[in-house]
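Dear colleague,

I am passing on the structure below, together with some notes on what came out of going through it. Please read the notes with the coordinates open beside you.

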Amino acid sequence: MSDQVMQIALRIKELREISDLTVAEVASCLGVSEEEYQEYESGRKDIPISLLLKISDYYQVDTTTILTGQSPRLSVCALTRKNMGVPIERAQQYIYKNLAYNFNHRKIEPLLVTIPVGVNPNLECNSHYGHEFDYVLEGVMRLKVGDQIMVMNPGDSAYYDSIHPHAMQAVGDQPCVFLAMVIP
């Protein structure tokens, strides 16, 4: 696992210990098995973004703090220049950049997401609490929400209750880039 995954694992373990909670208590609240949660805390298994959002909400700690170890400081306006943002380096299918990482007490998580060609061919789904708004910027995206499958082109958007299993994949020979607004 990468150094960033290990750092995130250490931070969530520290949050649990500071809160004087057991692995069983946290795993139960997050809806995962104790074994799976221990794999996340040890850094043996990468934490999905949806679970990071759940952990952030559970501990009432900003996701930026969990991801970077630094608290966001801005509360009036946060400007993120083109090609900037905090990369969320995951060993997962999608490439994420948090576009408001330095704004304190965010109500949404604005993410720039890139789906490489050939990723998630079986449309393996995940789900998380809240809502999600996806706006395609480049490429073509196949979006599955529940049993519904949609093909989205640049300028198309979808808003959905993200508790329903959902997945994305790039269609064609170029990556798909989209703006995801995750609303816990």
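The lining of the second largest cavity draws at least two residues from each of α4, α5 (63-68) and β3. Please keep in mind for this and for everything below that the model is predicted. The second largest cavity has a volume of about 30 Å³, and the residues around it are Ile49, Leu53, Thr63, Leu67, Ile88, Asn98, Glu109 and Leu111. Sorted by class, this lining consists of 5 nonpolar, 2 polar and 1 charged residues.

A search of the whole structure gives 2 cavities of 30 Å³ or more, and the largest cavity has a volume of about 130 Å³. The largest cavity is lined by 14 residues, and those closest to its centre are Ile49, Tyr96, Glu132, His166 and Met168.

The largest pocket, for its part, has a volume of about 350 Å³. Its lining is made up of 13 residues, with Ser56, Asp57, Val61, Asp62 and Arg106 lying nearest the centre, and the largest share of that lining, 3 residues, is contributed by helix α4 (residues 49-59). The classes here are 4 nonpolar, 4 polar and 5 charged residues.

Two of the residues nearest the centre of the largest pocket, Asp62 and Arg106, lead on to the salt bridges, of which the structure holds 4. The side chains of Asp62 and Arg106 form a salt bridge with an N to O distance of 2.8 Å. This pair connects distant parts of the chain, since Asp62 sits in the loop between α4 and α5 while Arg106 sits in the loop between β2 and β3, 44 residues apart. Both Asp62 and Arg106 are buried, and together with Glu109 they are linked in a network of salt bridges.

The salt bridge between the side chains of Glu36 and Lys45 has an N to O distance of 3.5 Å. In this pair Glu36 is partly exposed, with a relative accessible area of 23%, and Lys45 is also partly exposed, with a relative accessible area of 32%.

Turning to the strands, 6 of them form an open sheet in the order β1-β2-β3-β9-β4-β7, with antiparallel pairing. The edges are taken by β1 (86-88) and β7 (157-161), each of which has a single partner strand, so one side of each is left without a neighbour in the sheet. From one strand to the next, the twist averages 25°. Within this sheet, strand β2 (residues 95-98) pairs with β3 in the antiparallel sense over 4 bridges, and Ile95 stands opposite Thr114 in β3.

Lastly, strand β5 (residues 140-145) and strand β6 (residues 148-152) run antiparallel and are joined by 5 bridges. Met141 has Met152 in β6 as its bridge partner. The hairpin of β5 and β6 has 2 residues between the strands, and Gly146 takes a positive phi near 60° there.

With best regards

Methods:
Residues are numbered from 1 along each chain as its sequence is written. This is a predicted model: local features need pLDDT of at least 70, side-chain atom pairs count only at pLDDT 80 or more; totals for chains, interfaces and linings use all residues. Side-chain values use heavy atoms; hydrogens and water are left out. Two strands pair if DSSP finds at least two bridges between them. On a 1 Å grid over the protein atoms alone, a cavity is a set of points where a 1.4 Å probe fits but cannot get out, and a pocket is an open set with protein on both sides within 12 Å along at least five of seven lines; lining residues have an atom within 4 Å of a point. Grid points are joined across faces, edges and corners, and a volume is the space filled by probe spheres set on the points. Ala, Val, Leu, Ile, Met, Phe, Trp, Tyr, Cys and Pro count as nonpolar, Asp, Glu, Lys and Arg as charged, and the others, Gly among them, as polar. Axes are lines fitted to C-alpha atoms, for helices over the stretch in contact, and angles run from 0 to 180 degrees between N-to-C directions. Buried means under 20% relative accessible area, exposed over 50%, partly exposed in between (1.4 Å probe, protein chains only).
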